[in-house]
Amino acid sequence: MKKNLLFVLMLFTAAFSLNAQTSGGPDTYGYMWYDSNDPNGPAYNWIDVTTLPGVNQVKDLADDNVVGPFPMGFDFHYYWYDVSSYRIGSNGYITFSNGNLAVPFPPIPQATNLNTYIAAFACDLNFDGSGNLGECYSWISPTLDTLIVSYVDVPFWEPGINFQGENSFQIILSAVDSSITFQYEEQIGTYNGTFANFLSIGIENNSGNIGLQHSYDIYPPVGYAVKFVYPQTVTYQAYDASTEWVGTPGSGGEFLLKGAPYEMKVSVNNTGNQVLNPFNLFSEIKSGFTQVNSATGTTDTLQVGASQLITYPNNLWTPATAGTFSFINTTQLSNDVVASNNKDTSELVVIDTVVNQIQWLSFDNGVPANAAGLSWNGGGPGEGVGMEFPLPYYPCRINEMRAFVVANATPEGMALKLYDDDGFMGAPYTLLDSVWIDPFSVQVGTWTTVPLTVPLVIDSGSVFMMWEMGGGGIGIGQNVVRPISERAYEVLGGAWSIYRDRGNEDFMLNISISTPTQSVNELSNSSIFGNLYPNPSSNFASIEYNAINRIADLQVNIYSIDGKLVSNQQYSAGLSGTGSIKIITQNLSNGAYTCELIADGKKSAYKLMIAH
């Protein structure tokens with residue numbers, strides 16, 4: 001009781017302090033904030049965007065995730081750069097980069113967390129759970145100069161019961177004067193997860209070295225507005241060259257083949273507010289602390305906000321051994337004001353397909369960081385983590401999945417799932433396979449390996465593997481040995497989002513691959529069968545063949561994603577020469593299937609989509 005009384009007194013004191021202060025700043029760049037109690041501040045005037053023409057209800061927000069990017073339809077001047085797209089975080093903020101914020105929420109500014117974001121109510125909020133009334137809407141004015149993002153009746157995440165309370169607030173960006181306004185209509189209940197680092201309100205720039213905190217661990221009043229005002233005169237000079245990415249956009253890890261030349265490429269950016277004269281950069285590939293390849297380059301003159309792709313065609317790296325390597329780039333601008341964004345690293349994993357035909361793709365070194373692992377409160381369907389696997393060659397056959405579980409006291413079962421990258425902007429979408437492992441088959445402290453229901457042949461892009469918890473108490477292994485792949489995801493309420501600590505951890509999830517012609521289950525002459533079309537199919541699909549030797553017996557099996565045989569068709573008259581086989585699909589429901597061909601006892605498989 002004394003603790004509760006003390007907490008109430010702390011909240012009352014904090015609220016009194018917030019009401020007493022009606023303005024703040026400037027930050028290093030010159031931003032000021034004024035609230036609705038200040039003569040220079042905004043009047044509180046809640047804008048109900050839910051009824052406005054063109055409003056967009058934001059879907060797929062869950063617990064601790066980010067959705068987007070969404071186009072603004074106009075350029076918004078933020079600090080010394082312009083932004084034209086944004087992402088929405090379930091925890092009460094929007095961001096102009098690809099990242100995530102979760103409890104504990106950092107004070108502003110802080111360079112080590114997510115940067116370039118606007119936090120109206122950065123707290124542990126939750127859109128997930130049956131009966132949750134939380135909604136989010138975005139609206140762009142017909143004049144293309146105003147963006148409003150409204151959070152409506154969004155509850156706090158609550159241990160044990162999933163959610164409680166209600167919060168309604170909105171973020172308003174105006175291109176007319178480059179201002180940012182927060183408005184608070186409703187605030188019911190309090191966050192019970194922790195009494196510290198639970199609520200951050202403010203704005204932060206793209207490197208995290210400049211920002212303006214409105215308040216920290218203080219609930220804003222209801223019927224309250226605060227406006228962040230762009231400086232009328234900017235005196236701050238930011239000479240800042242950053243490494244935008246290394247190897248691939250986003251600096252995501254890659255799988256390479258031993259003996260295959262690799263072209264080093266990086267993207268650098270002028271993230272300051274001054275034109276940059278040509279500057280040098282240094283790139284290197286290292287095995288541990290040993291440098292195995294290096295290159296130097298010089299940029300052109302870079303205008304404010306401009307990027308430049310640098311390639312080193314004369315410095316191709318041909319890996320001679322399998323293993324894990326770091327690809328590092330560093331900008332070398334002499335008067336750079338932000339050192340934290342000069343360097344970036346990507347993970348390169350080299351595999352040897354000659355020595356070992358079946359390969360495990362892994363961004364971890366097999367050693368978990370702790371005994372508890374990672375798990376989500378409650379667990380269950382749609383709750384877990386994932387890893388993206390860009391494939392090293394095509395066509396690529398995926399054979400098995402495995403997960404390293406470090407704790408399972410209850411015990412709980414788990415599902416290992418494989419997704420295609422056919423979602424928006426290469427996100428996971430179509431479920432390709434799902435294998436359930438019962439609680440007593442889950443191995444603890446080592447790998448649990450399962451074959452795919454039917455091996456899949458992938459001819460482009462990436463695949464995503466998900467570890468789904470059967471319930472609370474089961475923990476997946478986390479690997480923190482650098483380099484880190486930047487390919488980790490968290491999955492909450494069925495929604496995939498960038499893992500909140502993906503820059504420091506890889507989840508211990510792997511897939512095994514082989515080339516289709518190397519598998520004993522493939523046709524000895526892989527050129528017999530050609531394209532499967534149309535794909536997606538409706539009432540029927542066709543597969544081309546070119547059989548030099550007569551095929552005496554052909555069987556076509558179609559499997560659902562859970563491994564059930566849903567169609568069996570026989571072709572016993574024999575096939576020779578060229579032609580096509582018609583497969584009846586009119587009785588299949590919409591979704592993803594595996595089409596297996598067994599020709600004289602030897603197997604081949606295709607991914608088949610049905611869309612009536």
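Visitor: Gladly started, then: which residues point one way from E24, and which the other way?

Guide: This is a predicted model. Gly 384, Gly 386, Glu 388 and Pro 390 point one way from E24, while Val 385, Met 387 and Phe 389 point the other way.

Visitor: Why is strand E24 called largely enclosed?

Guide: Buried means under 20% relative accessible area. Seven of the seven residues of E24 (residues 384–390) are buried, so the rest of the structure largely encloses this strand.

Visitor: How do you know that E24 and strand E29 pair?

Guide: Pairing takes at least two bridges between two strands. E24 and E29 (residues 462–469) have seven bridges, in the antiparallel sense, so they pair by that definition. Phe 389, for instance, stands opposite Val 463 in E29.

Visitor: And what makes E24 and strand E32 a pair?

Guide: Four bridges join E24 to E32 (residues 488–492), and the two run antiparallel. At least two bridges are required, so E32 qualifies. Val 385 has Glu 490 as its bridge partner in E32.

Visitor: Turning to another sheet, why are strands E36 and E40 said to stand at the edges?

Guide: Three strands form an open antiparallel sheet in the order E36-E37-E40. E36 (529–533) and E40 (575–584) each have a single partner strand, so one side of each is left without a neighbour in the sheet. Neighbouring strands of this sheet are turned by 15° against each other on average, direction ignored.

Conventions
Residues are numbered from 1 along each chain as its sequence is written. This is a predicted model: local features need pLDDT of at least 70, side-chain atom pairs count only at pLDDT 80 or more; totals for chains, interfaces and linings use all residues. Side-chain values use heavy atoms; hydrogens and water are left out. Buried means under 20% relative accessible area, exposed over 50%, partly exposed in between (1.4 Å probe, protein chains only). Axes are lines fitted to C-alpha atoms, for helices over the stretch in contact, and angles run from 0 to 180 degrees between N-to-C directions.
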